[in-house]
Amino acid sequence: SALEQITQQENTLRKESAGIRSLTDVFSQYSKDNLKDLARLHHFTRYNRFNKKELAEWLKNSLLETQFMKKLLKNSTEEEFRTFENAIKENGIMIPEELLSNSVLLCTYGGYNSFSSFLQIPQDVQDKYDQICTPEFYEELEQGFLISSYIRSAVYLYGTVSLDELK
C-alpha cells in the first residue's frame, strides 16, 4: 500500500542520513540572505554585523533561547506541533514542502531535504525541547490548542463572533 511504501522510504532515509547534530549544521546550508530573512522573520535586530558563519551561530543561540522557543511552540498550531513532535520521535519524517513552508515552527527548527521531502529536527533542538517541555508546559500547550479549536469552531458556526460572546 502507499502508506507502507512511505514508511519504507522514511526508514531508508533514516538509515542513510545520520541525525543532524546542530541547527548550525542546517544553517550552514543556507545563503547569508536566507539567514538574514530568518532573522527578520523573528524580528531580531543587529544581525548585519556578522559574517555568514557567525550569523548562523548567533541565530542558533537566539532561536534556542528558552523563552523564545517556548513562545514559538505556544504560537504554533496543533498540526505544526504534532508534526514537530513526530519528527523528533521518529528521527525524521516525510512531509510535503507546502506544510513546511506554511509553518514558522518547522521552518525555524527543522532540517528539510526538499529532494526527498524529509524533515529532521537537529539534536540540539531536540535537547532544548526535552528540557523545556515539562508536563506543566505540555499541559499549557494542550490547553492552548483546545481553546484555539473552540475559537475556530465558534467562527465556523457563527461567522462573526464578538469577543464578549466568545468569552
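Predicted model: local features only at pLDDT ≥ 70, side-chain atom pairs only at ≥ 80, totals over all residues.
How do the axes of H6 and helix H10 cross, and within what distance do they come?

Two packed helices are described by the angle between their axes and the distance between the axes. Here H6 covers residues 78–89, and H10 covers residues 135–158. Their axes cross at roughly 145° and come within 10 Å.

On the H6 side, the contact is made by Glu78, Phe81, Arg82 and Glu85. In H10, they meet Tyr138, Leu141, Glu142 and Phe145. Four of the contact residues are nonpolar and four are charged. None is polar.

## Thr83 in H6

Thr83 also sits in helix H6. Its relative accessible area is 11%, so Thr83 is buried, the limit being under 20%. A polar atom of the Thr83 side chain lies 2.8 Å from the backbone oxygen of Glu79. Beyond its neighbours within four places in sequence, Thr83 contacts Ile93, Ile95, Leu99, Leu106 and Leu119.

## Aromatic pairs

The whole structure holds nine aromatic pairs. One is Phe27 with Tyr30: the ring centres are 5.6 Å apart and the planes lie at 55°, so this pair is tilted. Phe27 is buried at 0% relative accessible area, whereas Tyr30 is partly exposed at 25%.

Phe44 and Trp58 form an edge-to-face pair, with 5.5 Å between centres and 75° between planes. This pair links distant parts of the chain, 14 residues apart. Phe44 lies in the loop between helix H3 and helix H4, and Trp58 lies in helix H4. Phe44 is buried, at 17% relative accessibility.

Ring pairs also join Phe81, Phe84, Tyr109, Tyr129, Tyr138 and Phe145 into a cluster. Among them, Phe81, Tyr138 and Phe145 take part in the contact of H6 with H10.

Conventions:
Residues numbered from 1 in each chain as written. Heavy atoms only, no water. Helix = DSSP H or I, 4+ residues; strand = E, 2+ residues; numbered from the N terminus. Buried < 20%, exposed > 50% of the residue type's maximum accessible area, 1.4 Å probe, protein only. Polar contact = N/O pair within 3.5 Å; in protein donor to acceptor, adjacent residues only side chain to side chain. Contact = heavy atoms within 4.5 Å. Axes fitted to C-alpha atoms, helices over the stretch in contact; angles between N-to-C directions. Nonpolar A, V, L, I, M, F, W, Y, C, P; charged D, E, K, R; others polar. Phe/Tyr/Trp six-rings, centres within 6.5 Å; stacked < 30°, edge-to-face > 60°.
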